[in-house]
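I opened my notebook to go through one structure slowly and to write down each thing as I looked it up. The entries follow the order in which I went through the topics.

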Amino acid sequence: MSRRLIALAASASGLALLIAAPAMAQTVDAAEPAVGVDEIVVTAQRRSENIRDVPFAVTAMTTETLSAVSAGGADILSLSGRVPSLQVESSNGRYAPRFYIRGLGNVDFDFTASQPVSVVMDDIVLESVYLKGFPLFDVKQLEVLRGPQGTLFGRNTPAGVVKIDTTKPGDDFAGFGSLTYGNYGSTRTEVGVTLPASDTLSVRVAALWNHRDDYINNAYDAPFASKDGKDLGNFDDVAGRVHVAWTPTDHLSTLLTLQARDYEGTGTMNRANVLTKGSNELNDNFDRDTVWYDGGRNNFQKQKTTSQSLQVAYDFGPATLTGVIGSYQGWSQGDGDIDGGVASAPVGAAYKTPFNSESGTLSSDLLQNTYELRLASNGDERFGWQVGAFYWNERINLVSGTFNGTGGLFPVAATDVVQKSDAWSVFGQGRYQVTDAFKLTAGVRYTEDSRDYRGQRIVGAPANAAISVGDEQVSWDVSALHEVNDSLNLFARVAKGYRGPSIQGRNLPVLTTADSETVMSYEAGLKSRLWNGRARLNATAYLYEVSDMQFTAIGGADNSNRLINADKGEGHGLEIDGDVYLGAGFNLAAGAAWNHTEIKDADLLVAVCSAGCTVTDPIVMVGTARRARVDGNPFPQAPEYTANLTLSYVRPIGDAQELFASTDWVMQKGFNLFLYESVEFMQDTAFEGGLRAGWRDLGRGLEAAAYVRNITDEANVIGAIDFNNLTAFVNEPRMYGVELSKRF
């Protein structure tokens with residue numbers, strides 16, 4: 001491990017020297033127009049600062065980027081690959097995404113599962129996957145913080161944080177409205193308006209309606225199939241937010257936030273037999289517009305969430321005291337044809353499966369509460385600090401069932417699970433400006449976690465179980481930032497992260513648990529502004545080791561969902577991102593990452609596919625069961641290579657008007673879908689591209705554009721089912737349409 005750290009550090013140092021030479025020698029060319037890349041201000045350390053002054057890897061996504069990738073109705077999964085080392089996927093449709101950073105994540109599809117990547121929206125942690133799918137609208141900026149972030153951001157952040165800041169009320173009347181319409185009846189309407197009520201009171205109101213018609217035909221004559229040939233693919237997602245900002249004095253400020261979401265739609269569509277033994281490519285059985293389902297009741301999904309939060313800050317002069325209270329409530333329901341085909345189909349039919357598999361959520365109720373108190377120094381003194389305390393609790397009541405797989409309305413088995421979790425912590429961070437060019441930052445957090453589980457089978461053979469787990473841990477980080485000159489900063493960071501113990505109770509009466517995992521992370525890199533401000537380049541080399549790494553072993557011949565701890569897991573890699581003004585109206589932004597992950601446990605065995613796949617790991621017989629030895633395998637859903645690119649062009653045409661066009665592409669290469677390796681479930685290269693072009697009037701705030709998403713209509717496998725047959729599910733189809741917007 002030490003040799004790898006030295007090699008990565010040498011790579012980062014070499015790149016730093018390569019960049020530093022021209023950066024230190026650059027001079028201003030008076031003939032060159034003053035056009036360049038904008039400065040980026042982030043709040044990755046709970047204070048506003050230039051992104052070059054943050055001593056770890058962070059990437060910011062703007063409103064324009066988010067709007068472009070969400071055209072056509074895309075949800076939060078569209079963020080995948082847009083930032084180096086960021087992967088987002090789901091087998092639960094649009095309401096339970098799973099995030100991965102630098103390969104660290106959790107493939108568990110249960111609402112009760114824990115994740116090592118935290119999503120923080122407006123200073124409120126969204127712990128459950130249930131909440132992380134809240135739609136993105138009226139977003140000011142999204143930041144991806146890579147590496148352990150436990151010192152300042154809540155719990156379960158050993159991989160990193162996706163930080164979302166929505167637009168807050170201002171002093172002036174302002175706003176926007178947009179309407180997008182495209183194929184499959186896709187309609188996306190988004191509005192946001194700031195309404196100043198007085199010198200001390202202002203309100204921001206924002207709303208989203210995202211809709212798509214059914215476009216997929218269920219070709220099987222199921223009782224729930226419609227007669228018009230279109231049964232699946234629809235969704236209606238309605239969400240709203242109100243911010244009320246009140247600043248009665250120069251020292252006191254408050255922000256009340258109310259949110260709500262009402263979603264109905266189609267879940268993930270599994271497709272039977274679309275992979276062939278010995279190949280990881282989709283075969284001729286795949287038809288994007290057709291499925292054969294005898295169960296799942298059209299894979300319906302429903303979810304409702306509401307939230308309330310209050311932030312109060314008082315400026316004492318030398319320091320500011322901030323309190324944040326937040327609460328989220330939710331309910332959901334859904335069903336799915338898991339095998340993706342028909343067991344009773346004739347032998348030889350492309351959609352025939354060995355047996356029916358249908359499962360769903362009869363009801364799921366969630367309550368999350370968070371409380372945080374922070375005291376932070378003000379100003380730019382040589383020594384700055386912040387201290388605080390945090391408390392989080394969550395209660396999930398999940399009633400899930402399995403059905404006969406032929407459209408029956410009543411479950412043949414059902415379980416009622418209640419999981420209660422809470423965590424409290426105290427934390428502090430200090431930064432010291434040793435010299436004008438050198439700064440040290442250090443932080444520490446003490447956390448106590450507990451989780452209680454109770455489950456009982458309410459339909460089928462009686463069974464019940466209960467268990468409690470808990471732990472206490474200290475996480476910390478130390479970093480250094482050196483300003484070589486006005487254009488180049490070098491940084492290094494060491495951090496310890498932590499994810500609390502977990503429980504999995506889907507296979508009652510058997511319960512599995514996973515002990516806490518800890519991460520030691522090392523990274524070094526550079527952040528530069530080049531060519532008289534015309535370009536920006538950031539690069540990071542990193543290495544981490546996870547002790548008692550938590551994995552979820554899903555599926556296999558025994559169709560189980562169980563937690564396991566690997567002895568260790570390791571990851572290392574390189575990340576580069578930046579942008580450059582090319583001249584003549586052209587801008588190029590790009591990013592790339594190499595992420596190598598590896599399971600380190602010579603004794604770790606997992607179940608493999610029931611039939612049809614070609615396992616390449618060593619097979620060990622445990623009784624009559626086949627098990628794969630997964631030591632040395634990559635982490636699941638951890639692409640080895642990712643890249644993204646956006647090329648944009650703007651041409652002024654006079655009278656504050658301009659024409660614009662942009663194209664964006666994302667690529668992921670070399671990722672495994674399961675813990676064990678097989679030919680069919682190891683994915684090669686997946687990519688998608690988009691195009692957007694139009695006209696805007698800057699003076700009147702008008703814009704008209706046409707767009708295409710997944711322009712080459714790629715069908716990329718993003719997940720699979722291995723316990724029944726060679727079933728897979730894929731990405732969104734090609735979407736195209738037009739958009740009108742107005743800003744004021």
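**Entry 1: a strand in the middle of my attention**

How many bridges join strand 6 to strand 9, and do the two run parallel or antiparallel? Before answering I noted that this is a predicted model. I found that strand 6 and strand 9 (residues 160-166) run parallel and are joined by five bridges. One of the pairs I could point to is Val 117, which stands opposite Gly 160 in strand 9.

I then turned to the partner on the other list, strand 7, and saw that strand 6 (residues 117-121) pairs with strand 7 in the antiparallel sense, over three bridges. Here Val 119 stands opposite Leu 126, and Val 120 stands opposite Val 125. Strand 6 and strand 7 form a hairpin that has two residues between them, and Asp 122, in the turn, has a positive phi of about 50 degrees.

**Entry 2: the sheet around it**

I wrote down the order of the open sheet, which has five strands, as 3-8-9-6-7, and its pairing is mixed. Which strands stand at the edges? They are strand 3 (58-62) and strand 7 (124-126), and because each has a single partner strand, one side of each is left without a neighbour in the sheet. From one strand to the next the twist averages 20 degrees. I also looked for what lies against the sheet, and noted that helix 2 (residues 63-70) packs on it, touching strand 3 and strand 8, with a direction that makes about 70 degrees with that of strand 3.

**Entry 3: is strand 6 buried or exposed?**

I went through strand 6 residue by residue, and five of its five residues are buried, so the strand is largely enclosed by the rest of the structure. I reminded myself that in a regular strand the side chains alternate between the two faces of the sheet. In strand 6, Val 117, Val 119 and Met 121 are on one side, while Ser 118 and Val 120 are on the other, and with all of them buried both faces are covered.

**Entry 4: the nonpolar cores**

Which residues of the largest nonpolar core touch the most other members? I listed Leu 79, Leu 86, Leu 142, Tyr 676 and Phe 681, out of the 74 residues in that core. Strand 28 gives the largest share of this core, with six residues. I also recorded a second, separate core of 18 residues, which includes Val 54, Ala 60, Leu 145 and Phe 427.

**Entry 5: the disulfide**

I counted one disulfide, and it is formed by Cys 609 and Cys 613, whose sulfur atoms are 1.7 Å apart. Why is this disulfide called left-handed? It is so because the torsion about the S-S bond is about -80 degrees. Cys 609 is buried, since its relative accessible area is 4%, and Cys 613, at 8%, is buried as well.

**Entry 6: backbone points that made me stop**

I kept in mind that most residues other than glycine have a negative phi, and that most peptide bonds are trans. Asp 138, although not a glycine, has a positive phi of about 50 degrees, and I located it in the loop between helix 3 (129-132) and strand 8 (139-146). With a relative accessible area of 3%, Asp 138 is buried.

Asp 548 also has a positive phi, near 55 degrees, but I found this residue in strand 28 (residues 535-555). At 36% relative accessibility Asp 548 counts as partly exposed.

Where is the cis peptide bond that I noted? It runs from Leu 508 to Pro 509, with omega near 5 degrees, and Pro 509 lies in the loop between strand 25 (502-504) and strand 26 (512-514).

**Entry 7: a polar side chain in a loop**

Last I looked up Asn 92, which lies in the loop between strand 4 (86-89) and strand 5 (98-101). Asn 92 counts as buried because its relative accessibility is 16%, and buried means under 20%. A polar atom of its side chain lies 2.9 Å from the backbone oxygen of Phe 109. Not counting residues up to four places away in sequence, Asn 92 touches Arg 98, Phe 109, Thr 268 and Gln 301.

How values were computed. Residues are numbered from 1 along each chain as its sequence is written. This is a predicted model: local features need pLDDT of at least 70, side-chain atom pairs count only at pLDDT 80 or more; totals for chains, interfaces and linings use all residues. Side-chain values use heavy atoms; hydrogens and water are left out. Helices (H or I, at least four residues) and strands (E, at least two) are DSSP runs, numbered from the N terminus. Buried means under 20% relative accessible area, exposed over 50%, partly exposed in between (1.4 Å probe, protein chains only). A polar contact is a pair of N or O atoms within 3.5 Å; within protein, one must be able to donate a hydrogen and the other to accept it, and residues adjacent in sequence count only if both atoms are side-chain atoms. Contact means heavy atoms within 4.5 Å. A disulfide is a pair of cysteine sulfur atoms within 2.5 Å. A nonpolar core is a set of buried Ala, Val, Leu, Ile, Met, Phe, Trp, Tyr and Cys residues joined through side-chain atoms within 4.5 Å. Two strands pair if DSSP finds at least two bridges between them. Axes are lines fitted to C-alpha atoms, for helices over the stretch in contact, and angles run from 0 to 180 degrees between N-to-C directions.
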